[in-house]
Amino acid sequence: MPTQDPPSGVSFSESEEWRLIEKSIDEFIEQEIDPLEDDLGELWSNPRRRHETDGRLVPEVVEAIQTVRKKSAENGFYAMNMPEEHGGEGVSHVTWYRAKKHVASHGTGLSEFVLAGPEGPKPLLLAAEDEQVETYLKPLIRAELSAGFAQTEPGAGSDSPAMQTTAERDGDRWVLNGTKQWITNAPYADFLQVFARTTPQEEAGRYGGITCFLVEADEYEIGSLNNAVGLEGMQAEVRFDDVRLDEERVLGQADTAFYNAMDFLSLGRMELGAEAVGLAVNLLDHAKQYANDREAFGRPIGKFQGISHTIARGRAKNYAADAAGQKLAWKMDQNESVVEDASIFKWFATQTLWEIADDTVQVHGANGLSEDNPFMEHLQLARILRIVEGTDEIQLNTIAKQFGAR
Ligand SMILES: Cc1cc2nc3c(=O)[nH]c(=O)nc-3n(C[C@H](O)[C@H](O)[C@H](O)COP(=O)(O)OP(=O)(O)OC[C@H]3O[C@@H](n4cnc5c(N)ncnc54)[C@H](O)[C@@H]3O)c2cc1C
């Protein structure tokens with residue numbers, strides 16, 4: 001069970017406390033999660049059997065994912081970065097970074113649901129008040145509910161302040177109308193955090209005039225699934241048609257949601273980069289093993305520099321990405337500004353994972369393409385990570401702006 005740990009100094013050494021957390025996560029995955037995956041058998045191991053014809057995950061898999069999250073919450077792992085007063089463990093950003101990376105290094109099994117992701121509690125929800133805390137935040141931290149974050153629309157992705165979803169006042173209620181798309185966990189969520197324009201841009205400015213509403217599953221309609229190759233069944237279009245909401249459904253202050261969300265943008269980039277670094281560790285281990293075992297022309301293929309240098313390049317880049325991630329997490333613990341650091345890390349870690357995933361397929365030859373191995377799935381996931389939480393180009397725009405290059 002993790003406890004509060006103080007921010008580490010400028011040190012890359014791993015505290016005794018982190019080692020204990022790492023060990024208990026490993027034991028938890030081995031004892032609780034791996035058997036669940038074994039029980040699912042083909043339903044999990046064969047991506048084609050994991051989904052209904054429209055892409056939705058089959059009920060057995062949905063149930064298994066929920067079980068993973070609940071067991072993880074009971075053991076104090078799931079939302080360990082959330083404050084203790086709400087049922088989290090209040091661990092530092094450095095510990096959360098290490099935990100995210102470590103879990104991802106187990107590969108993309110059911111273990112990837114051990115720590116809260118886009119469906120879980122986000123710091124944005126810490127703006128919740130009174131009833132909202134009891135109804136939404138605490139059950140989310142206990143993994144009794146799951147949620148989603150609904151910002152992207154058919155006409156507004158990177159340029160999300162251009163959103164067309166609106167909420168207008170009607171007496172003491174709000175009336176919400178619009179369509180979101182690519183919303184992770186929408187097909188299974190109990191509620192969504194929905195961003196809507198409540199005051200026109202001309203009056204409130206580009207980033208002002210946007211409000212976040214807590215909208216429950218029976219109040220919106222799920223449209224078609226947005227099945228990304230390699231992540232089918234997880235994202236969907238969501239429609240709001242004259243949804244009437246009480247004032248209690250406003251999260252934080254009306255008109256300020258975009259500024260609040262921007263405050264937590266860096267955390268999302270840190271989490272995603274940590275997952276990229278962890279998955280790359282897993283892939284490099286597989287590539288190394290295969291390079292030692294597979295023989296061609298009378299020797300292990302790792303004896304050919306074309307192979308060993310490919311792996312070495314990946315190892316060096318992932319080492320640098322990890323150092324950047326640890327520095328980012330440490331600076332977050334010091335409450336320093338990390339806008340540029342977060343973009344540098346997210347961009348570099350996901351680019352690095354993409355290269356390593358591609359190289360891992362190459363090192364494995366035809367076996368890298370086989371459905372029996374997860375490497376093509378990893379390559380697809382690596383591609384996705386360069387789009388979500390801000391595309392490559394948006395990260396480079398931020399770095400250029402922060403550096404003063406434009
Ligand atoms: C698997 C997955 C999960 C997702 N989950 C969620 C979710 O839970 N909630 C949510 O709200 N959204 C979610 N999204 C949406 C995601 O945030 C957007 O796809 C992303 O922000 C990019 O928007 P877009 O796809 O509309 O691309 P666009 O913004 O249309 O961009 C298209 C291309 O133009 C480039 N471009 C755009 N503007 C600039 C610029 N100023 N300078 C240089 N290049 C630019 C982009 O980098 C990109 O290459 C998810 C998407 C995927 C694929």
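View 1. Helices and strands here are DSSP runs, numbered from the N terminus: H or I with at least four residues for helices, E with at least two for strands. Strand β7 covers residues 235-246 and pairs with β3 in the antiparallel sense over nine bridges. Two strands count as paired if DSSP finds at least two bridges between them. In this pairing Thr184 stands opposite Gln235. The model is predicted, and local features are described only where pLDDT is at least 70, side-chain atom pairs only at pLDDT 80 or more, while totals for chains, interfaces and linings use all residues. Residues are numbered from 1 along each chain as its sequence is written.

**View 2. Strand β6 (residues 221-225) runs antiparallel to β7.** Three bridges join β6 to β7.

**View 3. Strands β2 and β3 form a hairpin.** β2 (residues 166-170) pairs with β3 in the antiparallel sense over five bridges. Glu168 stands opposite Val175 in β3, and the bridge partner of Asp170 is Arg173 in β3. Two residues lie between the strands, and Gly171 in the turn has a positive phi of about 65°. In a regular strand the side chains alternate between the two faces of the sheet.

**View 4. The ligand lies between domain 2 and domain 3.** The protein is divided into domain 1 (16-116), domain 2 (147-255) and domain 3 (264-403), with bounds from an automatic or database domain assignment. Domain 2 and domain 3 both give residues to the shell around the ligand, so the ligand lies between them. There are 21 residues around the ligand, and Thr152, Gly157, Ser158, Thr391 and Glu393 come nearest. A residue is near a molecule or strand if its C-beta atom, placed from the backbone, lies within 6 Å of it. The elements giving two or more residues to the shell are β1 (147-150), β3 (173-184) and α13 (392-403). By class, the shell has 11 nonpolar, nine polar and one charged residues. Ala, Val, Leu, Ile, Met, Phe, Trp, Tyr, Cys and Pro count as nonpolar, Asp, Glu, Lys and Arg as charged, and the others, Gly among them, as polar.

**View 5. Helix α4 (residues 93-104) packs against helix α9 (residues 305-333).** The angle is about 150° and the axes are 7 Å apart. That makes α4 roughly antiparallel to α9, a label for angles over 145 degrees, with under 35 roughly parallel, 65 to 115 roughly perpendicular and the rest oblique. Axes are lines fitted to C-alpha atoms, for helices over the stretch in contact, and angles run from 0 to 180 degrees between N-to-C directions. His93, Val94 and Tyr97 in α4 meet Gly325, Gln326, Ala329, Trp330, Met332 and Asp333 in α9. Contact means C-beta atoms, placed from the backbone, within 7 Å. The contact residues divide into five nonpolar, three polar and one charged.

How values were computed:
Contact = placed C-beta atoms within 7 Å.
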